[in-house]
Amino acid sequence: MAAPRSCALWSNCGRGWSRLMRGCRLPGLLRSSWPGSLLGARLLSQEKRASETHFGFETVSEEEKGGKVYQVFESVAKKYDVMNDMMSLGIHRIWKDLLLWRMHPFPGTQLLDVAGGTGDIAFRFLNYVQAQYRGKQKRQLRAQQNLSWEEIAQQYQNEEDSLGGSHVVVCDINKEMLKVGKQKAHAQGYKTGLAWVLGDAEELPFDDDKFDVYTIAFGIRNVTHVDRALQEAHRVLKPGGRFLCLEFSQVNNPLVSRLYDLYSFQVIPVLGEVIAGDWKSYQYLVESIRRFPCQEEFKEMIEDAGFQKVTYESLTSGIVAIHSGFKL
């Protein structure tokens with residue numbers, strides 16, 4: 001996408017240069033060869049920079065980043081949940097609970113959870129809508145005093161109905177992360193209202209206007225083209241659908257910021273080595289947080305993707321933020 005803009009820029013510069021050369025009356029050979037060669041070299045340099053991105057603090061090609069990120073999560077998948085608890089001292093659980101409370105899904109909600117391989121958001125969603133539906137069911141049963149015991153028991157035994165038609169699709173690009181999620185679902189007894197799909201956030205394998213809510217928790221900073229992922233989120237949401245992103249952000253307290261940096265760079269990679277046997281992957285995760293846009297900048301990116309009523313809420317002094325937007 002950057003190349004056409006670069007071409008337009010250098011085209012305008014080229015016209016200005018040509019006028020300058022005519023005014024100076026340089027020899028024909030110099031006018032025809034040297035400026036064009038110089039501009040061509042600069043254009044190639046500009047295109048090279050446009051195809052580069054970051055992998056933590058390292059500069060890599062866009063093609064390289066996808067493979068490197070895949071290797072990181074393939075490596076950490078089995079210890080991902082344990083490391084989340086260790087790195088955040090368990091606070092990540094509260095952040096994810098807050099995401100669900102802000103979502104406040106109702107029975108019948110169709111959720112797409114992107115980069116949600118281990119199922120943390122999906123399981124919380126199912127628990128939440130089930131609790132909502134059970135509460136509604138109890139209120140209805142109290143109002144119907146003439147039901148028999150068998151009729152009441154039958155309503156409680158229907159597992160499909162306990163979700164009120166709600167469904168969550170977990171989409172992740174990494175097979176190992178999905179494998180861990182499926183294992184957790186089986187161990188914890190999640191059988192209905194849940195599907196697992198291998199897919200890329202930048203090119204989702206779903207139709208337009210399909211979901212009520214799109215969530216992505218601690219995943220969007222790892223995609224190569226954040227703008228494309230946001231556009232895809234907008235595409236697959238129904239009109240009136242909601243986008244919710246939980247992601248690390250910019251700390252707004254100077255003292256907390258210094259302590260957070262010290263902990264991030266001096267402690268987290270060591271924990272990664274001791275617990276998961278992987279220093280480099282956790283060094284990347286720490287660095288990727290520092291490269292992600294601040295709250296306001298990310299808000300503008302969400303708006304550029306077409307979302308409206310975009311807001312954000314900073315949590316724990318801005319260590320993370322929840323961004324919300326609507327497809328209207």
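Q: Is Leu89 buried or exposed?
A: Leu89 counts as exposed, because its relative accessibility is 69% and the cut-off for exposed is over 50%. Keep in mind that this is a predicted model.

Q: Where is Leu89 found?
A: In the loop between helix H4 and helix H5. Helix H4 covers 80-88 and helix H5 covers 91-103.

Q: What about the phi of Leu89?
A: Leu89 has a positive phi, about 60°. Leu89 is not a glycine, though.

Q: Which loop holds Thr316?
A: The one between strand S8 (308-315) and strand S9 (320-326).

Q: And how accessible is Thr316?
A: Thr316 has 37% relative accessibility.

Q: Let's zoom out. How many helices and strands does the chain have?
A: The chain has 13 helices and nine strands.

Q: How much of the chain counts as buried?
A: The chain has 328 residues, and 43% of them count as buried.

Q: What about the accessible surface of the chain?
A: It comes to about 17,400 Å². Carbon and sulfur atoms hold 54% of that surface.

Q: And contacts? What share joins residues 24 or more positions apart?
A: Take the contacts with a separation of 6 or more. Residues 24 or more positions apart account for 74% of those.

Q: Now charge. Which residues gather in the patch of positive charge?
A: Lys136, Lys138, Arg139 and Arg142 gather there, on the surface.

Q: Where does Arg139 lie?
A: Arg139 lies in helix H6, which spans residues 120-143.

Q: Is Arg139 buried or exposed?
A: Arg139 counts as exposed, because its relative accessibility is 54% and exposed means over 50%.

Q: Which residues form the negative surface patch?
A: Glu296, Glu297, Glu300 and Asp304 form that patch.

Q: Which helix is Glu297 in?
A: Glu297 is found in helix H13, residues 295-304.

Q: How exposed is Glu297, then?
A: Glu297 is partly exposed, because its relative accessible area is 43%. A patch residue needs over 30% relative accessible area, so Glu297 with 43% clears that cut-off.

Definitions and conventions
Residues numbered from 1 in each chain as written. Predicted model: local features only at pLDDT ≥ 70, side-chain atom pairs only at ≥ 80, totals over all residues. Heavy atoms only, no water. Patch = residues over 30% accessible without salt bridge, like charges linked within 9 Å, V, L, I, M, F, W, Y side chains within 5 Å. Areas by Shrake-Rupley, 256 points an atom, 1.4 Å probe, with all protein chains shown as cover. Salt bridge = Lys/Arg side-chain N within 4 Å of Asp/Glu carboxyl O. Lys, Arg positive; Asp, Glu negative; His and termini not counted. Charge placed at Lys NZ, Arg CZ, Asp CG, Glu CD. Helix = DSSP H or I, 4+ residues; strand = E, 2+ residues; numbered from the N terminus. Buried < 20%, exposed > 50% of the residue type's maximum accessible area, 1.4 Å probe, protein only. Contact = heavy atoms within 4.5 Å.
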